[in-house]
Amino acid sequence: MDRIRIVGGNKLNGVIPISGAKNAALPLMIASLLTDDTLTLENVPHLADVEQLIRILGNHGADISVNGRRERQGESYARTIHFTCRNIVDTTAPYELVSKMRASFWVIGPLLAREGKARVSLPGGCAIGTRPVDLFIEGLKALSANIEIDGGYVNATAPAGGLIGARYTFPKVSVGATHVLMMAATLANGTTVLGNAAREPEVVDLANCLNAMGAKITGQGTSTITIEGVRSLSGARHRVLPDRIETGTYAMAVAMTGGDVILEDTDMALLDTALEAIRRAGAEITETNSGIRIVRNGAGIKPVDIVTDPFPGFPTDLQAQFMGLMTMAKGTSHITETIFENRFMHVQELARLGAKISLSGQTAKIEGVSRLKGAPVMATDLRASVSLVIAGLAAEGETMVSRVYHLDRGFERLEEKLTRCGAHVERVSD
Ligand code: EPZ
């Protein structure tokens, strides 16, 4: 099993190209099940989760072809992938596939809308919290679906004439349930109005792509999304938006190690709240023609309190990385996690590097230390593992991160991108 070896202490200087967003690519790929025409997605990142979803969509009958294109001398792959699902050959998404990645549950929306039925395995628990599916079920029921749960599967059927548009207000903001309801409603009879919808940029990206396919969606990016059902959708060509979590992660890495880096092909507007927190911690952040420049020279890191929240709040997917940054702040900071109930598994691993963190309920208190010292640590989930990499970059000596398959789910060519900026990071295969 691969591990990542980091020798800390180097500043980061150079250019890091930002990949297409994993969390936009996944729902966009799933949207291809809504049409018998070809959906072409550009800027798709090369990640384990994308590969897994390719297998799942293939199981439902999608024909998928990939045009790999090497960009910038091998730093990143921005791939164009064509998805054509002329016929849905199987409306079941089995446990073996769904259990590997929660987002694969989202196929329930397109399958139900296009075929009138879907049998999708419950995704089960996940390391960062219980992550139930009640909002999906209640929302689809509001569109007149009949839903039964049996033997670990959600069996959903639409009325004979198809799903029926309705008003549904989510009791809690959910990115996934917003994606699914929006996709399902595109082919429903009549109009659907979703209240308390997620406002994340990835939801907007999906809505824009669906509109390019012929859907009639308005209000994306606000908490009320209106979808006027249409009879069918066509193909389209769509570029996946930049990964705001990857952008924020590298910005925090530079804030922690010091240095001067340009994050290319990304957009400040995608992560205002997180960039503001990094600025308050002492880094300079400016917009350039090609992306974002982040500089920290000299001055130490200042403590900053944050609370995670749905967009436009501070993203939960950057919480672990920000905690990494705060471990070396000059003073005490507090981080409160409000989205997932168990997303602090990085705390004990950061402690192995010398961080001083105590937990009280959903709030972590971080007392900054003047130095971290490298140690063997274990990745526990995607974002937690990258927080260990960031901390390792700033720690003295060697940090060895094991279970890096978590990183491969969401960070394209991490070690290459960091190495080109002067970091000492390498993958070690046992
Ligand atoms: C998406 O997950 C992202 N995943 C997550 O990123 C991200 O952390 C999360 O949104 C929040 O921003 C993808 O986009 C693939 P939610 P999702 O439904 O959609 C509760 C990463 O590291 N909830 O918005 O699954 C849920 O338990 C991943 O890239 C219900 O109670 O998240 C959580 O507390 C991890 N019932 C809250 O809502 C439901 O039916 C928000 O979850 C659904 C969700």
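In this predicted model, a polar side-chain atom of Arg102 lies 3.3 Å from an oxygen atom of the ligand, a pair that falls under the term polar contact (N or O atoms within 3.5 Å; within protein, one must be able to donate a hydrogen and the other to accept it, and residues adjacent in sequence count only if both atoms are side-chain atoms). A ligand oxygen atom is likewise 3.1 Å from a polar side-chain atom of Asn23, and for Pro132 a polar backbone atom is 3.1 Å from an oxygen atom of the ligand. The residues around the ligand number 23, and those that come nearest are Asp134, Ser174, Asp317, Ile339 and Arg383; a residue is counted here if one of its heavy atoms lies within 4 Å of the molecule. As the model is predicted, local features need pLDDT of at least 70 and side-chain atom pairs count only at pLDDT 80 or more, whereas totals for chains, interfaces and linings use all residues. Residues are numbered from 1 along each chain as its sequence is written, and side-chain values use heavy atoms, with hydrogens and water left out.

Two packed helices are described by the angle between their axes and the distance between the axes. Helices (H or I, at least four residues) and strands (E, at least two) are DSSP runs, numbered from the N terminus, and axes are lines fitted to C-alpha atoms, for helices over the stretch in contact, with angles from 0 to 180 degrees between N-to-C directions. The axes of α8 (residues 244-257) and α12 (residues 382-394) come within 8 Å and cross at roughly 25°, which makes α8 roughly parallel to α12, a description used for angles under 35 degrees. Where these two helices are in contact (heavy atoms within 4.5 Å), the α8 residues Ile245, Thr249, Met252, Ala253, Met256 and Thr257 meet Arg383, Val386, Ile390, Ala391, Leu393 and Ala394 of α12.

Helix α5 (residues 134-142) packs against helix α6 (residues 175-186) at an angle of about 25°, with the axes 9 Å apart, and the two are therefore roughly parallel to each other. From α5, Leu135, Phe136, Gly139 and Leu140 meet Gly176, Ala177, Val180, Leu181 and Ala184 in α6.

Backbone geometry was also examined. Most residues other than glycine have a negative phi, and most peptide bonds are trans. Ser144, in the loop between α5 and β10 (146-150), has a positive phi of about 75° although it is not a glycine. The peptide bond from Phe311 to Pro312 is cis, with omega near 10°, and Pro312 is placed in the loop between β20 (306-307) and α10 (319-326).

How values were computed
Angles under 35 degrees count as roughly parallel, over 145 as roughly antiparallel, 65 to 115 as roughly perpendicular and the rest as oblique.
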